[in-house]
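Visitor: Hi! Could you walk me through this structure?

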Amino acid sequence: MAAHSTMLELGTKIPAFTLPNTSGPSPVSSASLSDGVGVVAFLCNHCPYVKHIQRELAAFGRDYGSLGVKLVGVSSNDVASHPEDGPLRMTEEARLAGYDFPYLYDEDQSVAKSFRAACTPEFYVFDRGKLVYRGRFDETTPRSGGKPTGADLRAAVDAVLAGKAPSTDQKASIGCSIKWKDGNAPDYAG
């Protein structure tokens, strides 16, 4: 069943975290994303919405990494119910997808909760540690027939790199719901 991102309030400080990196040197912390432009992407291995954008997300990582933007992927799914989203498979998935950015494992799901993440994929852009964009990669979905471009995320990061604020007309991401332990999704309304 598809879920939508909760649209964390703009201006929020990047939640503190340190997570193991399944695709390279470990660990990686939020502090490493706070001195410039940082992007946090909630992903998982099995989600068709993530599979749909994988190639373009890998290109985004290469394109913007060369400009000094720091991107990390985070998988928070419960591996008891979805073992294909576990750390060993994440390492392989990052290699197959061509990710050259850290792919982090949030075993206790605390990072997803601190970001109020709800689905995969879901994106957060921080400018010197403050949230300036949250939402979708672009308007395409696996069923839309469109080719992913990353237009929404690219426009937000381009604005920040140009010293401007991204448009506040930001669209929620849609994707697979995060697979919470024991099926207990957090209540973000409170």
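Guide: We can start with the overall fold and then turn to one residue. One thing to keep in mind is that this is a predicted model.

Visitor: Got it. How many helices and strands are there in the protein?
Guide: The protein has four helices and 10 strands.

Visitor: And what pattern do they follow along the sequence?
Guide: Reading along the sequence, you get β-β-β-β-α-β-α-β-α-β-β-β-α-β.

Visitor: What share of the residues is buried?
Guide: Buried residues account for 52% of the 190. As for contacts between residues at least 6 apart in sequence, 78% join residues at least 24 apart.

Visitor: Switching to charges: how many positive and negative side chains are there?
Guide: There are 20 positive and 22 negative side chains, and the centres of the two sets are 3 Å apart.

Visitor: Now Ser167. Where is its place?
Guide: Ser167 is in the loop between helix H4 (151-161) and strand S10 (174-177).

Visitor: Why is Ser167 called partly exposed?
Guide: Because its relative accessible area is 49%, and the partly exposed class runs between the buried limit of under 20% and the exposed limit of over 50%.

Visitor: What does the side chain of Ser167 reach?
Guide: The backbone nitrogen of Asp169, at 3.0 Å.

Key. Residues numbered from 1 in each chain as written. Predicted model: local features only at pLDDT ≥ 70, side-chain atom pairs only at ≥ 80, totals over all residues. Heavy atoms only, no water. Helix = DSSP H or I, 4+ residues; strand = E, 2+ residues; numbered from the N terminus. Buried < 20%, exposed > 50% of the residue type's maximum accessible area, 1.4 Å probe, protein only. Contact = heavy atoms within 4.5 Å. Lys, Arg positive; Asp, Glu negative; His and termini not counted. Charge placed at Lys NZ, Arg CZ, Asp CG, Glu CD. Polar contact = N/O pair within 3.5 Å; in protein donor to acceptor, adjacent residues only side chain to side chain.
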